[in-house]
Amino acid sequence: VAQYDCFLADEAATLNLGQALAAHLAAPLVVWLEGDLGAGKTTLVRGLLRGLGHHGAVKSPTYALVESYRPPNNSMEINHFDLYRFTHPDEWVDAGLDELFHPEAVCLIEWPQQGGSHVPAADLRLALSHAEPGRQLTLSAHSAHAAACLHPLDL
Ligand code: ADP
Ligand code: MG
C-alpha cells in the first residue's frame, strides 16, 4: 500500500488537490472518500470535476444518493455517491448502484461504510480529517493502477 499525507490549509488547497488528482485518473477506479461531516469530501470531488473540465454545479448527492457526470473530451463517467442517509446497507441493492461500476467509470464514494459489503473494494482511499483551521488528508493506493494515479502528484 502506497500512502501519502498532506495538509490542506484551506478550501482552495482541497480544490487544488482534487484538480491535481484529476489529471492522472483513469477508469475503472473506485475511490472511497472517508471523514466526518464537513471534512471536505464533496469539496475534493468538486475540485476533481473542475480539473476534468466540468464547469457546472457539483451538488452534494446526499439526497439523490448519486450524481453522474460526463466530463467533456473524455470517455470517463464520474459517479459521485453519498451513502450518508442509508439506514441499511441493502439500500445499495434496492437503488441498483452496482450498474454504475463499469469499465469507463470512476466512482467516488462518500460514507462507503454505510453500504457494508455491497460497496466494491477501494483502489484509492482518501481520508480527510479536521485539523483546524485546515484539513489533514491521507491518500492510500490499494492497487497498482491507483498507485500510478498518486505517483505523479509529488506529495
Ligand atoms: P463533506 O463532504 O466531507 O461533508 P464538504 O466538502 O461539504 O464536506 O466541506 C465542508 C466545509 O469544509 C466547506 O465549507 C468547505 O469550504 C470546507 N473546507 C474544505 N476543505 C477545507 C480545508 N482544507 N480547510 C478548511 N476548510 C475546508
Ligand atoms: Mg459531502
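A residue counts as buried when its relative accessible area is under 20%, as exposed when that area is over 50%, and as partly exposed in between (1.4 Å probe, protein chains only). His54 falls in the buried group, with a relative accessible area of 17%. The model looked at here is predicted, so local features need pLDDT of at least 70 and side-chain atom pairs count only at pLDDT 80 or more, while totals for chains, interfaces and linings use all residues. Residues are numbered from 1 along each chain as its sequence is written, chains are lettered from A and ligands numbered from 1 in the order in which they are written, and side-chain values use heavy atoms, with hydrogens and water left out.

So where does His54 sit? Its place is the loop between α2 and β3 (66-69); helices (H or I, at least four residues) and strands (E, at least two) are DSSP runs, numbered from the N terminus. Not counting residues up to four places away in sequence, His54 touches Leu49, Tyr69 and Pro72, where a contact means heavy atoms within 4.5 Å. A polar atom of the His54 side chain also lies 3.0 Å from the backbone oxygen of Ala57.

Next comes α2 itself. Eight of its 11 residues are buried, so the rest of the structure largely encloses α2. Among the buried ones are Lys41, Thr43 and Leu49. The helix is followed by Gly53, which has a positive phi, near 90 degrees.

Helix α1 (residues 11-22) has 12 residues and reaches 17 Å from its first C-alpha to its last, close to the 16 Å expected (1.5 Å times one less than the number of residues). Buried here are Thr14, Leu15, Leu17, Gly18, Leu21 and Ala22. They are on the same side of α1, because they cover an arc of only 160 degrees around the axis, taken from the directions from the helix axis to the C-beta atoms. What they pack against is β1 (2-8), α2 (41-51), β6 (124-131), β7 (134-141) and α4 (144-150).

Then there is ligand 1, surrounded by 17 residues, the closest being Glu11, Thr14, Gly38, Lys41 and Thr43; a residue is near if one of its heavy atoms lies within 4 Å. A polar side-chain atom of Thr14 lies 2.8 Å from a nitrogen atom of ligand 1, and an oxygen atom of the ligand is 3.2 Å from a polar backbone atom of Ala39. Two or more residues of the shell come from each of α1, α2 and β7, with the largest share, three residues, from α2.

Note on methods:
A polar contact is a pair of N or O atoms within 3.5 Å; within protein, one must be able to donate a hydrogen and the other to accept it, and residues adjacent in sequence count only if both atoms are side-chain atoms.
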